[in-house]
Structure formats: C-alpha cells, structure tokens
Amino acid sequence: MRRPARNWAGLGLRMGVALAASLLLLLLGLPLIGLVFRVPPGDLLRRLRDPLVLDALRLSLVTSTSATVLILILGLPVAYLLATREFPGKRVVEVLLELPMVLPPTVAGVGLLVAFGRTGLAGGVLHALGISLPFTTLGVVVAQAFVAAPFFVGATRAGLSGVERRYLDAAATLRSAPARVFLRVMLPLALPSLLAGVAMSWARALGEFGATITFAGNMPGVTQTMPLAVYLALQNDLEAALALSVLLLAASLTVLLALRLAPLGAIALSTRADHELH
Amino acid sequence: MLITSFTSRRGSLQLEVSLSAPAGVTTVLVGESGAGKTSTLRILAGLDSPERGRLTLDADVWLDSESGHCVSPWERDVGYVSQDYALFPHLSVADNIGFGLRAQRLGAPLIHERVRAAMEQTGIAGLGDQRPAQLSGGQQQRVALARALVLRPRLLLLDEPLSALDLRTRRQVRTELRAILQGLSSVTIYVTHSPIEALLFGEQIVVLHQGRVSQRGSRDELLRYPRTRYVAELMGTNLFRGTLGSSAESGPVLQTAEGGLSLSAEGGEAFALVDPTNITLYREPPTGGASAQNLFSGPILEVVPEPPTGDRVRVVLATQPVLVAEVTREAVSALALREGERVFASFKATGVRVYR
C-alpha cells in the first residue's frame, strides 16, 4: 500500500531535480547552440582564409600546446613529489600551486610583469640570458602556463596518490627500483588522471585572456591569441567575433574529445579491474 | 638458512621476533590477526625497516641496524605473495609474471620461456593473454605465486595465500600449493592464522602471539608438547600447567591455578595435556566406575562443528579449568548439547599426558 502523501513528495522531488537539470543544461548548452546556428558554414570557411584569423588560430594552438608541454615537463616531478613524499614546506608548495586558480588572471598578468618584466625581479637575469618575455610569444606561453599549471598538477597528483600502496610494494619486491615502479606501475595506473589534467590545463591555456593581454599585450601574429582576437572583433564586427568563437569552440572540442575519449577506455578497464579484485 | 632477530613498533604492537628458517622446508608463521605476522613478512621483504635488528640469508647480510646497513627490497633475492595478490590490473597475466624478469633485463626469449614454465608449474598455462580481472580467485592466486616463483627467489614469503579464496577453491588450491612448495629449495615462510593450514604446510612451525614468538618446533613437537595455553588452543587441545603432588584419596594430582587434576605421574612442575576426544560428556553426574577419574561440571560456552562440514563437534565448557571436548554429531543430538546447558565432563587419569 502506497501512501499518497509520500507519492506527492516523491513526485515533487523528481520534478525539482528535472527542473534544475534542464535549467543548468540550458545555461550551458544554449550559448553553444546559439554560436553554431548564428554562423553559416560558408561564412566560417571565408573567415578561415582571412590571414588575421588564421594567425590568431595558429598562435593559439601553438602557444597553448607549448604551455601544456611545459607544464607536463615541470609539473610531473612536482606532482610525483607531492603524491609520494612528505617534506618541510609541503603545505606552502600546495598553496602556491593552487593560487593561480583563485587569482584573477589580470592580477596574474601584473604579477608576471613585476617578476619577469624588463625591470622586474628576474628581468636582469633574463636579459643577460637574452630572453625577453613581455610582449613576446614566449610571454604568452608563460602566462598560459602560469594559469593552467594547477589543473595539471592537481589532477595528476590525485591520480598518483590514488595508486594503491600494494601495487608499489609488489613491484618493489619484483626487482624494480623506484624509477621503474614509477614508469611501469604508477604512471600507467594514473594515466587517466594525467590525461584529464592535460586536457584541463590545455583548455585553460587555450581560453586564457586576462593574464595574456596584461603580460604579453595584443599584437597580431605575435601575442594576439584567439580569445584576444574575439574580444577585439566584438568591438566593431559582431559577425567576425561569432565566426572566431565558433572556430575556437571547434578547436577546443576536437582536442578535448581526443584527450577524453582515449582515457575513457583506460578508466573503464582500471575500475573494472579494481572492482573485481575486491 | 635465514636468521633474523628484530624489534619494531607497529602502532600499539611491539614486535620482538627472533627466528631461523632452513632452506628446502616450509616454515609456517602462525598466529591470530594482529599478532604481527604481516609486519614480520614486510620486514623480511625489506618493505618496512625495524627499529633494531639483523637479518641474514646464508652469507648475505640484508639488514644490520648496528652498522645502518639495509638492502632495498628490489635488491633482495625475495619472492613475496601478499594476501590480496596485488596483481597489476593494467598488465596481462604473462606481463605480470614477467615483470620481475624484465626488470632484470633478461632477454625476451629467456623471459618468455621462464614465464611459460612458471605458468605450467602453477597450472595456469594458456591464461597468459588474460587480464587479472578476468580470472577467478583461484587463478589470481596462482598468477601471484607464479610471479614470485619465476624469479627463483632464495627467500619465498607467502602472506595468507589461501585466505581470499572460498572454501571449495581453497581446498583444491591447498593441495596443489603444498605440492609446489615441497619441491622448492628456497627458504619458504608461510603466514597463516589457520591452525589447519599451519599443520598442513608447516614442517617447521613458529607461533607468534602478541608480537612475540610463543613457541617454535616441528609439527609433531607442537602437537604433542604445546608449552603455552595459546599454542594448545591453536592446536585445539587442553593444556594445564601446575605442580605435581599427591593426595591420599585420588593419587597423583596436578595442582593448577584453577583447580586439581588427577593424573598417573608425580613430582615437580609439569604440563598436562588432555586430548579432547578422551573427554566424555554427560547430562547427569556419572555413577560407578569413576575411580581415578576427573569429573568437572559447567555450562556449555560454544558448540563448533570441526571441521566446519565434518561429523565431529567441539564443545567448549565453562568449567574450572575450561575444557574442550570433541564428540560426534550423534552425541550432540542425543545429549541435546546447546550453548548454556549444564553438563558433566570426565576423563581418566590415564588419559592425561604429562610432560615437563
């Protein structure tokens, strides 16, 4: 026997959940749909032939990918240390690594100027080395790496910490020194998290606006990435801004899907393995 | 020959272990959970370091806290099968087994051949391409064993290798595992909480109790001459310790802390062992023919089938001292033996084995 009151409560709850879900999907999905439907495909192809657009797109892909590689090289050892070792000042390192996530990007850009600008803290050293960062493409990469690094380090660290101790112990008793344990056991088992971290930091780098325009400026072909070009186009040419936005959207989707679909299989496999082992 | 002695603090447990294990036989380390068995194995494997201690295998010193010398686990000639096997989920069965060989940079053909031989030895030939998750518990256990054996370690450590298996699989794997272990020339240390497994596998048995070695010896020695209450309980028998004396009416008596026992021996400190099958249970006080008999009375604490599916039943009595009797299933139903029921237990003085 079901009591009607309870039934009503259940119905109300279900409707509430359905409403919330629909509203959130609209909020996230409508701008995407709007972008895709406002721009005719022919217009898109014509824009792709525009050298200014092409430059911005190429610059965006090159800088965001470079920033991601830089983050991968510098971030993986840090993620490993944080996941496996206890050391004095660990909390400080952790806070420092999370700071770029909460810092407004323009503030990050000002900070970068003060640190690596011509008259900045490390400006002299960089100048002596013949490196100039502000208002250069390299500066764009540094700005993107600054804001995107925490996403990679956070996800990778969580993945490495999640590799169960028993696998590491087993590998150690199988003649494997720590370096081999890391390469053959830790890294493969944490690969889904690592790839998710790569995807997130790459996407963050691709969309970077505030730190880039503050630290590297807005020079076409040199520091004008797609988000900057979109914003600039919006001032005088809405159609151009729309087309650029769709191009950026397509580029992000392609890379994200490629990165996300690869680890999906790995995740399914590893969770099933774990499930059945216990 | 493995010789070790160490002290180590693990949480609330103070480990003080000293043991030696010869090559070519299986040494069983038996004790209740929390006795320090796994901690001991991890120290032998080099996964944990004790505060103080020394460990040698033949002429090699693996650990010497005096000189600060400690060989890393990956440099020890050891095979370690952990309780949950820890098979790498991202590698095939063959790659799991070949993992240690590949670390030693042996050639691919040699690795292939040794992996194949190890799989044959453990009865999992043909499963090489499977993932661990696709295997049954018994098969996973064999892969873990093969992964350790393929390295031909001089020290083989097995931590409760059968405990993760269901009862039916366990019986089958047990027989096969015994045959495999008997053919090894390594120092083999087998950890278990099960007295049955200890007796089945242990040519030499070391009993660990609350972080200390409570008794060690051959299977026979432990069965026939348990020296502590804990070992006797583990072996499922009745042990009393006291002073031998004599009384006018009942002859020789063993005075224990809990009461007197009539025996057929005299003089000094001694242990007395009462085989549970020599104890007879009654609902009413037995009359007649009770000369030189030990008669106790008390409520039943526990009625346990032994083995779990067998036709013998162990009855634990809250007498002074506590007694364990082993009777048939028929007797249990005939006497309506249930927990809490008051019964009488008797055994002959000649049924008590006394030793010092």
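How many of the 11 residues of helix H2 (residues 93–103) of chain B are buried? In this predicted model, 8 of them are, so the helix is largely enclosed by the rest of the structure. The buried positions of H2(B) are B:Val93, B:Ala94, B:Asn96, B:Ile97, B:Gly98, B:Phe99, B:Gly100 and B:Leu101. Helix H3 (108–121) and helix H4 (137–149) of chain B are among the elements that cover these buried residues of H2(B). After H2(B) comes B:Arg105, which has a positive phi, near 60 degrees.

Chain B also contains an open sheet of 5 strands, paired in the antiparallel sense and arranged in the order E16-E20-E17-E18-E19. The edges are taken by strand E16 (280–282) and strand E19 (323–328) of chain B; each has a single partner strand, so one side of each is left without a neighbour in the sheet. On average, and with direction ignored, neighbouring strands of this sheet are turned by 45 degrees against each other. Two of the pairings involve strand E17 (residues 293–306) of chain B. With strand E20 (residues 342–348) of chain B, E17(B) forms an antiparallel pair over 7 bridges. Within that pairing, B:Ala345 of E20(B) is the bridge partner of B:Phe296. The pairing of E17(B) with strand E18 (residues 312–317) of chain B is likewise antiparallel, and it extends over 6 bridges. Here B:Val303 stands opposite B:Val315 of E18(B). Strands of a sheet pair through backbone hydrogen bonds, either parallel or antiparallel.

Chain A, by contrast, has 12 helices and 0 strands. The C-alpha atoms of chain A fill a box of roughly 65 × 60 × 30 Å along the principal axes. Of its 278 residues, 33% count as buried. When contacts in chain A between residues at least 6 apart in sequence are considered, 77% join residues at least 24 apart.

One helix packing in chain A is that of helix H3 (residues 51–84) and helix H7 (residues 137–161). The axes of H3(A) and H7(A) come within 7 Å and cross at roughly 40 degrees, and the crossing is right-handed. The residues of this contact divide into 18 nonpolar, 8 polar and 1 charged.

Helix H7 of chain A also holds A:Gly139. This residue counts as buried because it has 26 C-beta neighbours inside 10 Å, the cut-off for burial being 20 or more. Leaving aside residues up to four places away in sequence, A:Gly139 touches A:Leu133, A:Pro134, A:Phe215, A:Ala216 and A:Thr223. A:Phe215 lies 76 residues from A:Gly139 along the chain, yet the C-alpha atoms of the two are separated by 7.0 Å.

Between the chains, 20 residues of chain A are in contact with 21 residues of chain B. On the chain A side, helix H8 (165–172), helix H9 (178–206) and helix H12 (238–277) each supply at least two residues. The largest share, 6 residues, comes from H12(A). By residue class, the side of chain A that touches chain B divides into 10 nonpolar, 3 polar and 7 charged residues.

Confidence in chain A has a mean pLDDT of 87, with 91% of residues reaching 70 or more. Over residues 267–278 of chain A, pLDDT stays under 50. For this stretch the model has 15 contacts beyond four places in sequence.

Definitions and conventions. Residues are numbered from 1 along each chain as its sequence is written. Chains are lettered from A and ligands numbered from 1 in the order in which they are written. This is a predicted model: local features need pLDDT of at least 70, side-chain atom pairs count only at pLDDT 80 or more; totals for chains, interfaces and linings use all residues. Helices (H or I, at least four residues) and strands (E, at least two) are DSSP runs, numbered from the N terminus. A residue is buried if 20 or more other C-beta atoms lie within 10 Å of its own, exposed if 12 or fewer, and partly exposed in between; C-beta atoms are placed from the backbone. Two residues are in contact if their C-beta atoms, placed from the backbone, lie within 7 Å. Ala, Val, Leu, Ile, Met, Phe, Trp, Tyr, Cys and Pro count as nonpolar, Asp, Glu, Lys and Arg as charged, and the others, Gly among them, as polar. Axes are lines fitted to C-alpha atoms, for helices over the stretch in contact, and angles run from 0 to 180 degrees between N-to-C directions. A crossing is left-handed if the near helix is turned anticlockwise from the far one by less than a right angle, and right-handed if clockwise. Two strands pair if DSSP finds at least two bridges between them. pLDDT is the predictor's confidence in each residue, from 0 to 100.
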